[in-house]
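Here are some notes to read beside the structure. Please keep the 3D view open while going through the points.

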Amino acid sequence: MAFLGVEVWQTGPMQPGPSASAVGSPRPAPMLARQRQEHILERVAATGGVRVADVVEELGISEMTVRRDITELVTQGLVERVHGGAVAAGPTSMEPRFTAKSTLHLDAKRRIGAATAALLRPGDALALSAGTTTLAVAQALTTLPHLGTLTVITNSLPAAQLLFDAADAARAESRDAPTVLLTGGERTPSNALVGLPAIDMLRALRVEWVVLGAHGFTPEAGLMTPNLQEAAVNQALLASGRTAVAVLDASKWGILGLRSFCPTRDIGVLVTDSRPDARTTAALDESGTTLIVADPLPAPDNHTTRRTS
């Protein structure tokens with residue numbers, strides 16, 4: 001309960017006074033709201049984002065209390081709310097670092113990755129954009145029995161390294177290894193390679209699938225990013241492929257970026273973890289986009305998807 005702005009913990013009937021043993025082992029005082037919010041801000045400042053579940057575990061408080069504190073920080077303009085947590089507040093031109101995004105929505109990204117990898121047939125070639133969700137797609141590719149028949153082109157340093165390691169492991173076991181091509185270019189905060197070297201390479205290539213992550217999405221603007229150079233490379237990726245596959249977890253709905261690089265009408269397939277609202281669903285249907293909502297993974301080596309229209 002609260003008295004004159006101070007939180008008081010009481011677990012039983014009021015007693016006349018503490019016993020000698022109670023005086024010797026006082027119960028820790030609860031953190032004030034200001035202290036809890038400072039903790040959240042420190043985590044966001046250090047990593048770019050924080051999960052509600054992590055704060056609950058670290059501070060030993062309820063999920064409702066954490067969400068209330070995040071709401072207060074959002075009201076003050078200090079953070080932005082995302083699905084399952086909060087990220088640093090900033091303009092649409094601010095780009096989160098890869099490490100800040102890599103710990104958010106892990107289950108959703110694994111589900112999206114598995115559903116996307118299931119689209120690929122033996123012998124397919126695909127282009128993979130940078131980002132943490134597309135990294136989950138790359139991870140799912142390594143579990144495919146026909147991995148060794150695939151060709152993957154990417155401007156993502158982490159995805160390329162993961163696939164290079166998988167190819168090396170396959171060769172060590174005398175199995176077919178995938179062909180992995182990494183574009184050149186300058187590195188961005190999201191571990192993407194951008195610039196003319198990447199664009200020039202992509203202009204000469206043609207693939208069946210282009211898998212695109214994004215900072216945000218709206219039906220009107222399509223896929224968006226806060227990085228202008230990354231937008232240019234993503235457009236080159238888009239132009240190289242027959243079918244564009246957007247991979248977006250539910251936290252990306254309605255989030256704006258500085259530059260749109262793929263309008264909704266150019267998205268052939270959208271893979272997500274949660275069905276979007278009716279307006280977005282109607283816009284996807286009008287654009288002829290196939291919507292795939294990834295089901296929870298029943299086991300590490302098993303996956304099913306639910307297709308909706």
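1. This is a predicted model. Val 82 falls within strand β4, residues 79-82. Strand β5 covers residues 85-88. The two strands run antiparallel and are joined by 4 bridges.

2. What is the strand order of the open sheet? The order is β3-β5-β4, 3 strands with antiparallel pairing. The edge strands are β3 (49-51) and β4, each of which pairs on one side only. From one strand to the next, the twist averages 25°. As background, strands of a sheet pair through backbone hydrogen bonds, either parallel or antiparallel.

3. Which helices lie across these strands? Helix α3 (residues 52-59) lies across β3 and β5, and runs at about 70° to β3. Helix α4 (residues 63-75) lies across β4 and β5, at about 130° to β4.

4. Another point concerns a pair of helices. Two packed helices are described by the angle between their axes and the distance between the axes. For helix α7 (residues 132-141) and helix α8 (residues 157-172), the axes come within 9 Å and cross at roughly 10°. Angles under 35 degrees count as roughly parallel, so α7 is roughly parallel to α8.

5. What residues make the contact between α7 and α8? From α7 there are Leu 135, Ala 138 and Gln 139; from α8 there are Pro 158, Ala 159, Leu 162 and Leu 163. By type, the residues of this contact divide into 6 nonpolar, 1 polar and no charged.

How values were computed. Residues are numbered from 1 along each chain as its sequence is written. This is a predicted model: local features need pLDDT of at least 70, side-chain atom pairs count only at pLDDT 80 or more; totals for chains, interfaces and linings use all residues. Side-chain values use heavy atoms; hydrogens and water are left out. Axes are lines fitted to C-alpha atoms, for helices over the stretch in contact, and angles run from 0 to 180 degrees between N-to-C directions. Angles under 35 degrees count as roughly parallel, over 145 as roughly antiparallel, 65 to 115 as roughly perpendicular and the rest as oblique. Contact means heavy atoms within 4.5 Å. Ala, Val, Leu, Ile, Met, Phe, Trp, Tyr, Cys and Pro count as nonpolar, Asp, Glu, Lys and Arg as charged, and the others, Gly among them, as polar. Two strands pair if DSSP finds at least two bridges between them.
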